[in-house]
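Here are my notes on this model, point by point. Please keep the structure open while you read.

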Amino acid sequence: INEILSLIGVPLFRRATGGDPNAQARSIAIADLQVKVAEVENKRGDLAAKIREQVILQVLDFDQWRREFQISQEVSRRQTLQLKVIETGYRFGQGSTEQYLGQLNSLDKQKGETFRQWARLRSQLMRVKLLVLGTDE
């Protein structure tokens with residue numbers, strides 16, 4: 001009877017109570033790994049949401065800089081045309097040298113502002129590119 005119990009009963013009893021200590025340790029380790037995997041997946045989802053939010057904000061900023069550049073570019077075009085009109089009149093004796101040089105100075109300032117807007121636009125584009133594509137590029 002003892003032999004039968006030791007061959008059949010003890011293994012059944014161990015299975016019913018969770019098995020030997022090595023099996024229990026393995027099942028605890030597996031459960032711990034499953035919990036850690038779930039935590040990593042949650043953190044990954046949170047990071048993805050944060051990156052998505054940052055991309056949206058940076059794209060909105062890019063759109064704002066794009067509009068400001070376009071406005072600055074159009075103002076530069078109009079000032080260039082205005083300077084040509086003033087230059088033509090100046091050549092035919094209308095207007096003063098001060099007016100002509102003032103308009104030329106104003107156009108140079110506007111071109112500088114347009115260039116600054118262009119630089120901001122490119123910088124913002126690079127920020128969006130880095131967020132979307134990463135730093136591997």
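1. Start with the side chains of arginine 91 and glutamate 87. They meet in a salt bridge, 2.9 Å from N to O. The term covers a side-chain nitrogen of Lys or Arg within 4 Å of a carboxyl oxygen of Asp or Glu. Arginine 91 and glutamate 87 both sit in helix H2, 4 residues apart, about one turn of the helix. Arginine 91 is exposed at 66% relative accessibility, whereas glutamate 87 is partly exposed at 22%. Buried means under 20% relative accessible area, exposed over 50%, and partly exposed in between (1.4 Å probe, protein chains only).

2. A word on the basis of these values. This is a predicted model, with local features needing pLDDT of at least 70 and side-chain atom pairs counting only at pLDDT 80 or more, while totals for chains, interfaces and linings use all residues. Residues are numbered from 1 along each chain as its sequence is written, and side-chain values use heavy atoms, with hydrogens and water left out.

3. Now the overall layout. The protein has 3 helices and 0 strands. Its pattern along the sequence is α-α-α. Helices (H or I, at least four residues) and strands (E, at least two) are DSSP runs, numbered from the N terminus. Of the 137 residues, 13% are buried. Among contacts with a separation of 6 or more, 73% join residues 24 or more positions apart; a contact means heavy atoms within 4.5 Å.

4. How many salt bridges are there by this rule? The count comes to 7. One of them joins aspartate 63 and arginine 67, at 2.6 Å from N to O. These two are 4 residues apart in helix H2 (residues 21-91), so about one helical turn separates them. Arginine 67 is partly exposed, at 46% relative accessible area.

5. Helix H3 (residues 97-133) holds both glutamate 113 and arginine 116, which are 3 residues apart, about one turn. They form a salt bridge, with the closest N and O atoms 3.2 Å apart. Both are partly exposed: glutamate 113 at 25%, arginine 116 at 43%. Elsewhere, shared partners join the salt bridges of Asp63, Arg66 and Arg67 into one network.

6. Next, the aromatic rings. There are 2 aromatic pairs. Rings of Phe, Tyr and Trp (its six-membered ring) pair if their centres lie within 6.5 Å; planes under 30 degrees apart are stacked, over 60 edge-to-face, and the rest tilted. Phenylalanine 69 and tryptophan 118 make a tilted pair, 5.2 Å centre to centre with 45 degrees between the planes. Phenylalanine 69 is in helix H2 and tryptophan 118 in helix H3, so the pair ties together parts 49 residues apart in sequence. Phenylalanine 69 is buried at 11%; tryptophan 118 is partly exposed at 37%.

7. Tyrosine 90 and tyrosine 100 form a stacked pair, 5.1 Å centre to centre and 5 degrees between the planes. Tyrosine 90 lies in helix H2 and tyrosine 100 in helix H3, 10 residues apart. Is each one buried or partly exposed? Tyrosine 90 is partly exposed at 31%, and tyrosine 100 is buried at 17%.

8. Last, the surface. The protein exposes about 11200 Å², and carbon and sulfur atoms supply 59% of that. Ile51, Leu131, Val132 and Leu133 form a nonpolar patch, with about 330 Å² of accessible area together. Patch residues have over 30% relative accessible area and no salt bridge; like charges are joined within 9 Å, nonpolar side chains (Val, Leu, Ile, Met, Phe, Trp, Tyr) within 5 Å. Areas come from the Shrake-Rupley method with a 1.4 Å probe; for residues, only the protein chains shown count as cover. H3 gives the largest share of the patch, 3 residues. Leucine 133 is partly exposed at 47%.
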